[in-house]
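Okay, thanks everyone for coming. I've got one structure to walk you through today, so let me put it on the screen.

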Amino acid sequence: MPQPVFFLTLPGVMVLDLTGPAETFQLAGGHFSLHYIGPEASVLCSTHMTISNIAPLPEQLPANSLLVVPGVHDSRTCYDTPAATLARDWLRQQRADIDAQRITLVCVCSGSLLAAQAGLLDGVLCTTHHEVLPRLQAAAPAARVKENRVFIEDGGIWTSAGITAGIDLALHLINRLCGARQALAVAREMVVWFRRSGDDPQLSPWLRYRNHLHPAIHRAQDVMIAHPEHDWSLPALAERAHVSERHLTRLFRQHLGISVREYHEQLRLVIARQRQQQGEAAEKAALAAGFSSARQLRRARERWDDQLTR
């Protein structure tokens, strides 16, 4: 019997927060049945399309249901409406079933904020889109908010970062509930070649350290991104960036807060993680990413894990 998935659909819902996980579950070979519920029968979504035929909020969900709470395009205004108030009240009524893990709560992006406002995330390890994190912390001071994570699970409650992270989380749930082969088949069908894990940062090195305007740094980054597995020396990078070694070192510290070597190492770590998630052994993944061995890869990973937990 297909596992029921209920999407709490509110006015202003972020389309990809809704349709991304929905399409992912739908492609899982009939393992899931999809239902759309909400306080209003039709809503205007983030792209100004109308979503209709939304079923009323049921008093109780069937056992073993997944309850997905997608985010909205502007949580400040969309969660300050009569519809949002009704949704929060309804979520509070589901707390006993959520706490007993009779149903599984899955929050995408700012959906975590609605769950927090309903009191469901107190004491729970959780996350959300990086721009919404301060509001999540304010809405649920007792929540254990984790920054820069794609998704997190705690006591049967799943929360995720923004937009496409909902697809990552849905694939992860398919992997857990239906097996790795089914999840891989869905990922291939969706042309999602790299399925991120919950431990991956929301902002990869390709994006996190590009929010600057210095052309010399961009030139050095472009060189390393094109071939992260290459053993780039500081003199070679400085030559490509058309600055001195000392100046390039100073620029990275000033604008990025890390060294050239640390930036390069982060790129290599992502490559190694991708290859391992695609099924390669640690040694092969390490060598392909430019590490000398799996041991060197492990040490690099431990260094960055230590920094993230400080």
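I'll start with the whole chain and then go through a handful of residues.

First thing to keep in mind: this is a predicted model. On secondary structure, the chain comes to 15 helices and 10 strands.

So what about the overall dimensions? The C-alpha trace spans about 65 × 40 × 35 Å along its principal axes. For 310 residues, you'd expect a compact globule to have a radius of gyration near 19 Å, and the chain has 22 Å, which agrees.

How much of the chain is buried? Buried residues make up 47% of the 310. If you take the contacts with a separation of 6 or more, 64% of them come from residues 24 or more positions apart. As for the surface, the chain exposes about 15000 Å², and carbon and sulfur atoms supply 51% of that.

Now, cysteines. How many disulfides do we get? With the cut-off of 2.5 Å between cysteine sulfur atoms, the count comes to zero. Take C45: the nearest cysteine sulfur belongs to C78 and is 11 Å away, so C45 is in no disulfide. C126 isn't in one either; its nearest cysteine sulfur is that of C107, at 8.7 Å. Are these two buried or exposed? C45 has 3% relative accessibility, so it counts as buried, and C126, at 0%, counts as buried as well.

Next up, backbone angles, and two residues I'd like you to look at. N53 isn't a glycine, yet it has a positive phi of about 60°. Where does N53 sit? You'll find it in the loop between β4, residues 50-51, and β5, residues 66-69. With a relative accessible area of 75%, N53 is exposed.

The other one is H242. Again not a glycine, and again a positive phi, here about 65°. H242 lies in the loop between α11, which is 234-241, and α12. At 62% relative accessibility, H242 counts as exposed.

Notes. Residues numbered from 1 in each chain as written. Predicted model: local features only at pLDDT ≥ 70, side-chain atom pairs only at ≥ 80, totals over all residues. Heavy atoms only, no water. Helix = DSSP H or I, 4+ residues; strand = E, 2+ residues; numbered from the N terminus. Rg over C-alpha atoms; globule rule 2.2 N^0.38 Å. Buried < 20%, exposed > 50% of the residue type's maximum accessible area, 1.4 Å probe, protein only. Contact = heavy atoms within 4.5 Å. Areas by Shrake-Rupley, 256 points an atom, 1.4 Å probe, with all protein chains shown as cover.
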